[in-house]
Amino acid sequence: MRRSLSNGSRTPTYTDTPKGYFAIYVGEQEKKRHVVPISLLSEPLFQDLLHQAEEEFGFNHPMDALTIPCSEDVFMDLASRLGAF
């Protein structure tokens, strides 16, 4: 899994995302960009996280990408347990 700051000196582009991965922004206040394997989408725990985010915040993604408004620690723990990195 890769991570880049969303407020870095350059804006990440789709070319920064390798084939078989997707970008996601995670955080409650400061959003950080993570690049995770597409296989994560089939994991029930990750689907639960997406569903919770949808119920609480809908589909408004101010970063113009998938945004999960949970703490980065929670996301990193979940991704780690699912073998995302």
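Let me begin with strand β2, where five of the six residues are buried, so the strand is largely enclosed by the rest of the structure. Please bear in mind that this is a predicted model.

What surrounds this strand? I shall take its strand partners in turn. Strand β3, residues 32-37, runs antiparallel to β2, and six bridges join the two. Within this pairing, Ala-23 has Val-35 of β3 as its bridge partner. The two strands form a hairpin, with five residues between them. In that turn, Gly-27 has a positive phi of about 145 degrees.

The other pairing to consider is with strand β4, residues 67-68, which pairs with β2 in the parallel sense over two bridges. Here Val-26 has Ile-68 of β4 as its bridge partner.

I now turn to the side chains. How many aromatic pairs does the structure hold? There is one. Phe-22 and Phe-46 form this pair, with 6.3 Å centre to centre and 65 degrees between the planes. The geometry is edge-to-face, because an angle over 60 degrees counts as such. Phe-22 belongs to β2, residues 21-26, whereas Phe-46 sits in helix α1, residues 44-57, so the pair ties together parts that are 24 residues apart in sequence.

Are these two phenylalanines, Phe-22 and Phe-46, buried or exposed? Both of them are buried.

To close, I return to β2: the strand is joined to β3 by six bridges, pairs with β4 over two, and contributes Phe-22 to the aromatic pair with helix α1. Thank you for your attention.

Definitions and conventions
Residues are numbered from 1 along each chain as its sequence is written. This is a predicted model: local features need pLDDT of at least 70, side-chain atom pairs count only at pLDDT 80 or more; totals for chains, interfaces and linings use all residues. Side-chain values use heavy atoms; hydrogens and water are left out. Rings of Phe, Tyr and Trp (its six-membered ring) pair if their centres lie within 6.5 Å; planes under 30 degrees apart count as stacked, over 60 as edge-to-face and the rest as tilted. Helices (H or I, at least four residues) and strands (E, at least two) are DSSP runs, numbered from the N terminus. Buried means under 20% relative accessible area, exposed over 50%, partly exposed in between (1.4 Å probe, protein chains only). Two strands pair if DSSP finds at least two bridges between them.
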